[in-house]
Amino acid sequence: MIKLKNIYKTFNQSTVHEFTALKDISLSIKKNELIILKGASGSGKSTLLAIIASLLKPTSGSVIVDNKQVAKLPDLHASKFRAFEIGFIFQSFNLFEYLSVKENVSVTLIPLGLKQDEIDKKVKRALRLANISHKQNAVARDLSGGEKQRVAIARALVNDPKIILCDEPTANLDKKNSLSFIEVIKDLKEKGFTIIIATHDSIFDSLQNVDKVVKIQNGEIK
Ligand SMILES: Nc1ncnc2c1ncn2[C@@H]1O[C@H](COP(=O)(O)OP(=O)(O)O)[C@@H](O)[C@H]1O
Ligand SMILES: [Mg+2]
């Protein structure tokens, strides 16, 4: 499903600020695997997720996602690839505070150019998967942190992505909501999604159906 080969990422190349954030990363992830990418702050987790999502291009190395050479996609194709294949869950929920839950989730579908009834169907399904249907008409700013996270999960799922990338998903959640996030992840794993969670939260140590824990340190896999 995902194949990274000899990935290097150097920021600000050939300047005094040159910094190599990823060094010779090779990683293979199969369909339906649940991977924990573990590492301290600054170790390169977000950079690696951004490369998989084709938000960033590696300086060298190859990235194959779902049989596509993602590292070589021109920007327009990269956005299309993301719109169809990737669900991204961030540590800050990045919701539109004055839009309803339903509207926040629909936003992901804009690039797909779907008809309204298809949009409604997909939004309904995503809200159900993320266990937040009962709040569909609430305005985002009136939700609790845990509820906001569930809206963010629904938004990540609404385009039927094959791959779900989570960047420190529990960083802004209390213990109870972190545990309920883990329950949603378990459920998504059972439903066949491929999931990568970048985190340094030890709460994920209790997650049982993890296929691989990948440790990253100073941009290198340990
Ligand atoms: N756009 C950028 N320009 C320069 N340096 C960056 C940029 N993005 C990230 N870095 C650096 O790369 C390193 C890894 O960052 P990041 O992938 O965000 O780590 P993590 O997500 O594990 O905290 C950090 O030292 C960070 O400062
Ligand atoms: Mg990060």
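Gln 149 has its place in helix 5, which covers residues 145–157; helices here are DSSP runs of H or I with at least four residues, strands are runs of E with at least two, and both are numbered from the N terminus. This is a predicted model, in which local features need pLDDT of at least 70 and side-chain atom pairs count only at pLDDT 80 or more, while totals for chains, interfaces and linings use all residues. Residues are numbered from 1 along each chain as its sequence is written, chains are lettered from A and ligands numbered from 1 in the order in which they are written, and side-chain values use heavy atoms, with hydrogens and water left out.

With a relative accessible area of 2%, Gln 149 is buried, a word that stands for under 20% relative accessible area, whereas exposed stands for over 50% and partly exposed for the range in between, using a 1.4 Å probe and protein chains only. When residues up to four places away in sequence are not counted, Gln 149 touches Ile 89, Phe 90, Phe 93, Pro 169, Leu 173 and Phe 181, where contact means heavy atoms within 4.5 Å.

In one of them Lys 148 pairs with Glu 97, and their closest N and O atoms are 3.5 Å apart. This pair links distant parts of the chain, since Glu 97 sits in the loop between strand 6 and helix 3 (101–106) and Lys 148 in helix 5, 51 residues apart. Lys 148 counts as buried at 15% relative accessibility, whereas Glu 97, at 31%, counts as partly exposed.

The side chains of Glu 147 and Lys 135 meet in another salt bridge, at 4.0 Å from N to O. Glu 147 is buried, with a relative accessible area of 15%, while Lys 135 counts as partly exposed at 28%.

A further salt bridge joins Glu 168 and Lys 45, whose closest N and O atoms are 3.6 Å apart. Because Glu 168 lies in the loop between strand 7 and helix 6 (175–190) and Lys 45 in helix 1, the pair ties together parts that are 123 residues apart in sequence. Glu 168 is buried, at a relative accessible area of 12%, and Lys 45 counts as buried at 4% relative accessibility.

Helix 1, residues 45–52, is also the place of Thr 47, which counts as buried at 13% relative accessibility. Leaving aside neighbours within four places in sequence, Thr 47 is in contact with Lys 9, Phe 11, Ala 21, Leu 22 and Leu 56. Ile 216 lies in strand 9, residues 212–217, and counts as buried at 3% relative accessibility.

The next element to consider is helix 2, residues 75–85, whose buried residues are Ala 78, Phe 81, Ala 83 and Glu 85. These buried residues pack against helix 1, strand 4 (60–65), strand 5 (68–69), strand 6 (86–89) and strand 7 (163–167). Glu 85 is also linked with Asp 66, Lys 68 and Lys 162 in a network of salt bridges.

Asn 32 takes the reader to the loop between strand 2 (19–29) and strand 3 (34–38), where its relative accessible area of 26% makes it partly exposed. Not counting residues up to four places away in sequence, Asn 32 touches Lys 189, Gly 192, Phe 193, Thr 194 and Asp 211. Asn 32 and Asn 172 are 140 residues apart in sequence, and their C-alpha atoms are 26 Å apart in space.

Lys 3, finally, is found in strand 1, residues 2–11, and is partly exposed, with a relative accessible area of 47%.
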